[in-house]
Amino acid sequence: MMETEGVTPPYMQLAQIKFALKLPECQNDQSLKEKLMNGIKEGNMAPYYKEVCNDLGWPMDKALYEEMSKANAIRLAELEKEHENSVIDDEDQVSGLWTARLDFLLSIGDKEAATALAESKLNDKTVPKTHRIDAVFALFRIAYFHGCDIKGMTSAIEKATELIEGQGDWSSRNKLKAYEGIWSFAIRDNARAARLFVDVVPTFESYELADFGTIIRYTVLSCMIALPRCELKNKLMHAGVTAQALHSQYRDLREYFLSLYDGRYADFLVALAQVETTMKRDPLLHPHYRHYVQEMRLRAYKQILQAYRSLSLDYMAQSFGVTAEFIEREVSKLASSGRLQCKIDSVARTVVTSAHLSDESMRVKDANDMDMDRSILYKTTVKRGDILLNRLKKLARVMDF
């Protein structure tokens, strides 16, 4: 863990576990079920337990639900009592009480009550702007935690931007970068997400939203698909905090980046398969994992082909650690759709790149039109020569030798 890393609320990890349990390959994973239930019990998350049972089709343990609901009611009553005994004219204390209540509602997964409280504070013009910003960030986390609701996340980002632009403090602006980066990745605006994540990593402080490891992972994934190769190393391996994290903790992500950068394509496909598994189980990235994997394979194909005029299918297959038939299918599909500028010579079993194709077409044109080109060149030379001679004659008339 980085020395400056904060603590992310344990309940934030449960959303990803719950999502994974929806996937066919994880539905019967007993360890995941136990991890989810242990988290629910530890936090007395009665509302979230009800949501989980409804979404996953689990039978509800009514005794457990009632026990957790009772614990929730006791804690809410304690918070109300603290509010009644508070000093009303102390604005920070009053704000601290409702934010404590909001944090508790978030921690037990009470989506409706937390949303109602956050919206009431956001829309209350008497509440200080800094606390209204906290409320809108809470609305984003609600949408993010409960199923990655893109509509809710978008609405929260728009309201947060409106509140912060021109008047927000540095901390609020910095937090907005993290929230906006996650939202941008969710809507597949990879370039924007990459730029925001690169900016926010050195000063990341939004631990209530995600842990540092998640932000590093999102940074690497977004940069890999969005940035040109010439920028990748500077952004990932030469940027202090990111480089330190990749060297010390997140070596799988480092290998994912370096295997492509160094042209170790077989290793890259292995790392990409691991990335695919991780993305598939992430509720934010699941809708995009097929697109992402396809685009990254395309990027690898472009990288190897740009160094050659032509390349044998066997060599390409060996480089990627796959069969020649697989490479032929992939390249043919991408070339026919215009994503790769090349063609396959089935007789020679080679991939011919666009530069070679252009040269060939020019040679054919030159062979067919050589006589015409020479004639045009001759006429142009004679014409320009006549013009030059006329100008010299005019110049001679006015010059005194």
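Select H6 (residues 111-122) and H7 (residues 129-145) to begin: their axes come within 8 Å and cross at roughly 150°, so the two helices are roughly antiparallel (an angle over 145 degrees). Helices here are DSSP runs of H or I with at least four residues, numbered from the N terminus. Axes are lines fitted to C-alpha atoms over the stretch in contact, and angles run from 0 to 180 degrees between N-to-C directions. You are looking at a predicted model, where local features need pLDDT of at least 70 and side-chain atom pairs count only at pLDDT 80 or more, while totals for chains, interfaces and linings use all residues. Residues are numbered from 1 along each chain as its sequence is written, and side-chain values use heavy atoms, with hydrogens and water left out.

Now show the side chains between this pair. On the H6 side, pick Lys111, Ala114, Thr115, Ala118, Glu119, Lys121 and Leu122; they meet Arg132, Ala135, Val136, Leu139 and Ile142 of H7, with contact meaning heavy atoms within 4.5 Å. This contact has seven nonpolar, one polar and four charged residues (nonpolar: Ala, Val, Leu, Ile, Met, Phe, Trp, Tyr, Cys and Pro; charged: Asp, Glu, Lys and Arg; polar: the others, Gly among them).

Next, move to H9 (residues 170-186) and H10 (residues 190-200). Their axes are 8 Å apart and the packing angle is about 150°, which means that H9 is roughly antiparallel to H10. Select residues of H9 including Lys177, Ile182, Trp183 and Phe185, then residues of H10 including Arg192, Leu196 and Phe197, to see part of where the helices meet. Eight nonpolar, four polar and four charged residues make up the contact of H9 with H10.

Last stop: the largest pocket. Which residues are the closest to its centre? Select Met12, Gln13, Gln16, Asp211 and Thr214, from a lining of 20 residues. Then colour H1 (14-20), H2 (30-42), H7 and H11 (212-226), each of which supplies at least two lining residues. H1 gives the most, with four. By class, the lining has eleven nonpolar, four polar and five charged residues.

Notes. Parallel < 35°, antiparallel > 145°, perpendicular 65-115°, else oblique. 1 Å grid on protein atoms, 1.4 Å probe; cavity = no way out; pocket = protein on both sides within 12 Å on 5 of 7 lines; lining within 4 Å.
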